[in-house]
Amino acid sequence: MSGRQHRETEIARRIRARGLAAGRTTAQIADEIHEACTAQFSTTRIKAHRLAYGIALADVIEQVRALFERDNKPMPGIGETLLSAYESGLKRPGPEYLHYLCTVYRVEPLALGYDAPCICGHSHRAPSAGIEIKERCGQQERDLTIKPMDPEPDAEEDENILRRTLLNLLNNDSKGVELDGPVLGACEGIRRRMDETLVSATVSAAMLDQWEEATVSFGRQYTTTAPLRLLCDVLLELSAVRTAMSRRQPIDLQERLCRMAAQLAGLSGMILINLGDHRLARSFFRTGRTAADETGDRALRAWICARESLVPLYFGDAREALNLAKKSRDMAGSMPCPAQAMAPVVEARALAAMAAGENKKEIVDQAKRALARARNAFAHMKAEDREDVAFGYTEKQLYFYQGDVLTKLGQTIEAEVVLGQALTKYEDHILDQTLIRLDQAQCKLIDGELGEAVAIGTRALSLVGDEYFTDLIVRPALALGEALKAAGAPGVDEYFAQLRRPRQHQMQGGDK
C-alpha cells in the first residue's frame with residue numbers, strides 16, 4: 001500500500017470508528033468518508049462504502065461471488081483489478097455487477113456514484129434503513145428524512161418492464177423472453193415521452209461523462225449482444241436522459257444532451273430493425289431526428305437519415321429508401337462523415353432492388369457509380385469512424401453491402417469475391433454474417449449451382465441462435481427458399497426444415 005493510500009485508509013478508519021460509536025449507519029459513514037477524503041485523495045463514492053465497512057477488495061469480491069452462487073449463476077469474472085478500476089473511476093460496472101455491488105453495500109446505485117436505477121427495479125436498502133440529517137436552526141434541532149423524487153408512474157412502469165426483461169435475460173432464462181406486447185408498449189412509452197419532452201420545450205441537461213461513455217459502449221455492443229438484451233439497456237439509458245432533459249439545465253450543455261438522445265434513439269431504431277419491427281423503428285428514427293435537429297450537427301442528422309433509409313430498404317419499399325439515402329447524402333454534403341459513405345451504399349442497394357425491365361442497364365450503371373462514391377468517401381473518413389460499427393461505418397460493412405448490391409445486380413463473379421472478403425472480416429454480428437451467406441447462396445442459385453446454393457443456405461440458418469432469428473433474417477431466407485423451390489433444387493426440404501424449426505424468439509409485434 002502506498003503512503004497516499006495508507007493515509008486515506010487511516011482517515012477512513014477514524015471516521016468509521018467515530019461513526020459506529022455515535023450510532024450512525026454504514027451509508028452515513030460512507031458519506032462522511034467521501035466528503036473528508038475526496039478533495040485530497042479523489043475518493044469515489046463506491047470506494048467510500050468499502051472503507052465504511054472496513055473491508056478489503058478481496059472481501060467484496062468473495063461476497064459478490066457468493067451472491068452469484070446463491071443465484072445459481074456461473075462464477076463472475078470480477079476480480080480485484082476490475083473492482084479497483086471501478087473505485088478509481090476508470091471503469092463503470094455493467095448493469096449486472098452494479099446490481100450485486102448494490103446488494104453487497106445495501107444501497108442504491110446513486111449512493112455508489114452511478115446516476116441510473118438498478119436493473120432489478122427493487123430497493124437495496126435494509127428494511128429499517130433511512131437517511132436522516134440533523135439540521136440546527138438557531139437553538140432548535142430537527143430531523144429531516146431525505147426521500148428520492150417520485151418518478152412518473154407510467155415511466156416507472158415502463159422502466160420496470162424493461163428491467164424485468166433484462167434481468168430474465170441476464171439470468172439465462174431466455175425461454176419465453178420475447179418482444180411481446182408489454183415490452184413493445186414500454187419501448188413506445190419511453191420514445192413517446194422523449195418526443196413530448198423535445199417538442200414541449202427547448203431544454204438542456206447536465207450530462208455526466210459516463211452517460212456519453214455508456215452510449216459509445218452500447219454502440220460497440222451492437223454487433224455482439226443479442227438485440228432484445230441490448231434494446232433494454234439502451235432504452236433505460238434513454239429514459240434517464242429524458243428525465244434529465246425534463247429539468248432546466250445550463251444552455252451550454254444542451255447540445256451534448258440532445259446528441260445523446262439522438263444517438264440512443266437512432267441506436268434503438270437500428271436494434272428494432274434487427275428485431276423486425278419496422279413501425280417502431282421508424283418512430284425511434286423520427287425521435288432521433290427531432291433530437292439531432294436541436295444540435296445543428298449536419299453529420300449527426302445525416303447519420304440518422306441514412307440509418308432510417310434501411311427500414312424501407314429491408315421492408316419492401318426500395319424507392320423510399322433511395323429518396324431517404326439521397327436526402328442523407330445532401331445533408332452530409334462534402335463533409336467527411338459516416339453518412340457520406342453509407343448513404344451512397346444504400347442508394348446502390350435500393351437501385352439494385354429496382355433493377356428490372358428496359359432500364360436495367362442504366363440502373364446497374366447508377367448503382368456502380370454510387371458504390372464508387374461510397375468507396376471514395378470511406379477513404380476520407382476519420383480513422384475512429386472507420387472502426388465504429390454503430391455510429392460510424394466500417395470496412396467490413398462496406399464489403400458486405402457492395403457484395404449485396406452486386407448479387408442483386410446478377411454480377412455473381414464480382415459478388416462472390418467481395419462477399420468472401422466481407423465474411424473473413426466478420427468475427428461477430430451473426431445477423432450480417434447470415435445475410436452474407438444468404439447472398440452467397442443466391443449467387444450459386446443464379447449460376448445454376450442449385451445443390452451448392454441449398455447447402456450454403458441451410459448451413460447459414462443452422463448457425464443462427466434463437467435470439468437472432470428475427471424477421472430481418474426470415475424475410476430474405478424465405479425469399480431464397482421459394483426461389484430454390486421454384487428452380488427444383490435438390491434438398492430444398494432440408495432448407496425449409498431449418499427455416500421453420502421451432503424457435504423460442506419468434507417476433508410478436510410489427511407487420512410480418
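**Reading helix packing and a cavity in a predicted model**

The chain has 23 helices and two strands. The model is a predicted one.

Q: How many residues does the chain have, and what percentage of them count as buried?

A: The chain has 512 residues, and 52% of them count as buried. As for contacts with a separation of 6 or more, 65% are between residues 24 or more positions apart.

Q: What describes the packing of two helices?

A: Two packed helices are described by the angle between their axes and by the distance between those axes. Take helix 12 (residues 278–295) and helix 13 (residues 298–308): their axes come within 9 Å and cross at roughly 170 degrees. An angle over 145 degrees counts as roughly antiparallel, and helix 12 and helix 13 are therefore roughly antiparallel to each other.

Q: Which residues of helix 12 and helix 13 meet?

A: Helix 12 contributes R282, F285, G288, R289, A292, D293 and T295, and these meet L300, R301, I304, R307 and E308 of helix 13. By class, this contact has six charged, four nonpolar and two polar residues.

Q: Why do residues three or four places apart in an α-helix point the same way?

A: An α-helix has 3.6 residues a turn, so residues with that spacing point the same way.

Q: Is helix 13 largely enclosed or largely open?

A: Buried means under 20% relative accessible area. Nine of the 11 residues of helix 13 are buried, so helix 13 is largely enclosed by the rest of the structure. The buried residues are A299, L300, A302, W303, I304, C305, A306, R307 and E308. They pack against helix 11, helix 12, helix 14, helix 15 (318–332), helix 16 (338–354) and helix 18.

Q: How many cavities of 30 Å³ or more are there?

A: There are four cavities of 30 Å³ or more. The largest cavity holds about 120 Å³ of space. It is lined by 13 residues, of which Y222, N274, R307, L310 and Y401 are the closest to its centre. R307 is also one of the buried residues of helix 13.

Q: Which elements give two or more residues to the lining of the largest cavity?

A: They are helix 11 (254–275), helix 14 (310–314), helix 18 (395–408) and helix 20 (430–446). Helix 11 supplies the largest share, three residues.

Q: What is the make-up of the lining of the largest cavity by class?

A: Eight of the lining residues are nonpolar, three are polar and two are charged.

Conventions: Residues numbered from 1 in each chain as written. Predicted model: local features only at pLDDT ≥ 70, side-chain atom pairs only at ≥ 80, totals over all residues. Heavy atoms only, no water. 1 Å grid on protein atoms, 1.4 Å probe; cavity = no way out; pocket = protein on both sides within 12 Å on 5 of 7 lines; lining within 4 Å. Points joined across faces, edges and corners; volume = space filled by probe spheres on them. Helix = DSSP H or I, 4+ residues; strand = E, 2+ residues; numbered from the N terminus. Nonpolar A, V, L, I, M, F, W, Y, C, P; charged D, E, K, R; others polar. Axes fitted to C-alpha atoms, helices over the stretch in contact; angles between N-to-C directions. Parallel < 35°, antiparallel > 145°, perpendicular 65-115°, else oblique. Contact = heavy atoms within 4.5 Å. Buried < 20%, exposed > 50% of the residue type's maximum accessible area, 1.4 Å probe, protein only.
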